[in-house]
Amino acid sequence: MSAMRKALLGTALAAAVVLGAGESARAVGGGEAAAGEATGFETAGFEAAGSEADLAHHGHVSLWEGRLGVWLVSENHGPADVSRATVRLAFSEPLAGGQELPPSCLWGSDRVVVCRTAELRAAGAIGELALDLRTAGSPDEMTVDISTVWTDGTTDGNPGNDRHRVLVLATGDPYVF
């Protein structure tokens with residue numbers, strides 16, 4: 001893995017850990033803090049996220065003869081803009097090595113691809129991603145987990161529409177999420 005890819009993946013994972021720590025601090029504090037009330041998160045050298053967005057990922061996945069197609073649309077229902085987000089695609093079966101990914105994506109492992117979105121403006125901005133991948137073998141089925149792992153400092157009060165688990169059968173049919 002090139003040094004640039006390692007650095008980008010490390011940045012995305014570190015951001016996910018920081019955001020997760022913020023959610024843990026909020027949960028320990030008993031919910032949302034009142035305006036101006038310290039949550040304990042700020043004392044760690046970080047400021048609480050000041051804006052909220054509502055990211056959603058939808059699309060379809062197809063599996064056939066050792067090939068996997070993923071078409072993903074990312075949207076922001078607002079109210080705040082998101083300068084970029086990171087989407088994690090995790091596969092239950094390994095993918096073949098040596099495949100090129102789009103410039104916005106990195107390999108996390110032989111079963112994980114991490115991709116950044118473009119800027120997603122509030123109220124419906126759309127970013128699209130298409131992947132044509134080969135599996136390591138010819139599985140009869142596999143699951144694909146789609147989730148947002150980083151949102152550039154915004155929070156998402158409705159994370160249910162940006163996390164999906166899709167069972168895909170090797171029929172060539174599109175399985176919609």
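Author: Let us begin with Asp 132, which is partly exposed, with a relative accessible area of 48%. Bear in mind that this is a predicted model.

Reader: What does Asp 132 form a salt bridge with?

Author: Its partner is Arg 67, and the closest N and O atoms of the two are 3.0 Å apart.

Reader: Where in the fold do Asp 132 and Arg 67 lie?

Author: Asp 132 is in strand 7, residues 125-134, while Arg 67 is in strand 3, residues 67-76.

Reader: How many salt bridges does the count come to?

Author: Four. Two of them involve Arg 121: one with Asp 81 and one with Glu 119.

Reader: Take the one with Asp 81. What is the N to O distance?

Author: The side chains of Arg 121 and Asp 81 meet at 3.3 Å, N to O. Arg 121 lies in the loop between strand 6 (112-116) and strand 7, and Asp 81 in the loop between strand 3 and strand 4 (86-91). They are 40 residues apart in sequence, so this pair also ties together separate parts.

Reader: How far apart are the closest N and O atoms of Arg 121 and Glu 119?

Author: They are 3.6 Å apart.

Reader: Changing topic. How many disulfides are there?

Author: The count comes to one disulfide. It joins Cys 105 to Cys 115, with an S to S distance of 2.0 Å.

Reader: Which strands do Cys 105 and Cys 115 lie in?

Author: Cys 105 is in strand 5, residues 105-109, and Cys 115 is in strand 6. The pair ties together parts that are 10 residues apart in sequence.

Reader: Is that disulfide right-handed or left-handed, and why?

Author: The torsion about the S-S bond of Cys 105 and Cys 115 is about 110°, so the disulfide is right-handed.

Reader: Are the cysteines buried or exposed?

Author: Cys 105 is buried, at 2% relative accessibility. Cys 115 is buried too, at 3%.

Reader: Next, Thr 151. Where is its place?

Author: Thr 151 sits in the loop between strand 8 (141-150) and strand 9 (155-156). With 8% relative accessibility, Thr 151 counts as buried.

Reader: What does the side chain of Thr 151 reach?

Author: It reaches the backbone oxygen of Thr 154, at 2.5 Å.

Reader: Last one, Asn 161. Which residues does it touch, leaving out those up to four places away in sequence?

Author: Asn 161 touches Asp 54, Leu 55, Ala 56, His 57, His 58 and His 77. In sequence, Asn 161 and His 58 are 103 residues apart, yet their C-alpha atoms are 8.2 Å apart in space.

Reader: And where is the place of Asn 161?

Author: Asn 161 is in the loop between strand 9 and strand 10 (163-169). Asn 161 counts as buried, at 15% relative accessibility.

Note on methods. Residues numbered from 1 in each chain as written. Predicted model: local features only at pLDDT ≥ 70, side-chain atom pairs only at ≥ 80, totals over all residues. Heavy atoms only, no water. Helix = DSSP H or I, 4+ residues; strand = E, 2+ residues; numbered from the N terminus. Buried < 20%, exposed > 50% of the residue type's maximum accessible area, 1.4 Å probe, protein only. Polar contact = N/O pair within 3.5 Å; in protein donor to acceptor, adjacent residues only side chain to side chain. Disulfide = S-S within 2.5 Å. Contact = heavy atoms within 4.5 Å.
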